[in-house]
Amino acid sequence: MRFNPSVTEVARNFADYINRVAFRGEHFILMRGKKAVAELRPVPAGKRLGELPALLASLPRLGEAEADALLEDLTRASDDLSRAPLRDPWAS
């Protein structure tokens, strides 16, 4: 069973809990009485804005033929969508 600390416990040992989240990847549901009120967890990988340039640089590059094929696929999909009749998503 996962340990769900109280808000008071986390407040008293805040640095320790932050270190556990940051360095061990642990996550906690913070409790007030018997009610879950907050979650303390790592930021999901790739969600940090500062990591975006490195993430983009790590992606594979398309060759000229692949880029042309992608453009053709996107153009065809766009054309297909523009010809599709509009429908009410709320209609049953």
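Strands S1 and S2 form a hairpin with two residues between them. Strands here are DSSP E runs of at least two residues, helices are H or I runs of at least four, and both are numbered from the N terminus. In the turn, glycine 33 has a positive phi of about 70°. S1 covers residues 28-32 and S2 covers residues 35-40. The two run antiparallel and are joined by five bridges; pairing requires at least two bridges found by DSSP. Leucine 30 has alanine 38 as its bridge partner in S2.

The model is predicted, with local features needing pLDDT of at least 70 and side-chain atom pairs pLDDT 80 or more, while totals for chains, interfaces and linings use all residues. Residues are numbered from 1 along each chain as its sequence is written, and side-chain values use heavy atoms, without hydrogens and water. The protein chain averages a pLDDT (the predictor's confidence in each residue, from 0 to 100) of 88. Of its residues, 95% score at least 70. Confidence is highest in helix H1 (residues 7-12), at a mean of 96, and lowest in helix H3 (residues 52-58), at 82.

The largest nonpolar core has six residues: Val10, Tyr17, Val21, Phe28, Leu30 and Leu40. Such a core joins buried Ala, Val, Leu, Ile, Met, Phe, Trp, Tyr and Cys residues through side-chain atoms within 4.5 Å. Helix H2 (14-24) and S1 each supply at least two residues of this core. Beyond four places in sequence, leucine 30 has contacts (heavy atoms within 4.5 Å) that include Pro5, Val7 and Val37.

Leucine 71 lies in helix H4 (residues 64-83). Its relative accessibility is 53%, so leucine 71 counts as exposed (over 50%; buried is under 20%, partly exposed in between, with a 1.4 Å probe and protein chains only).
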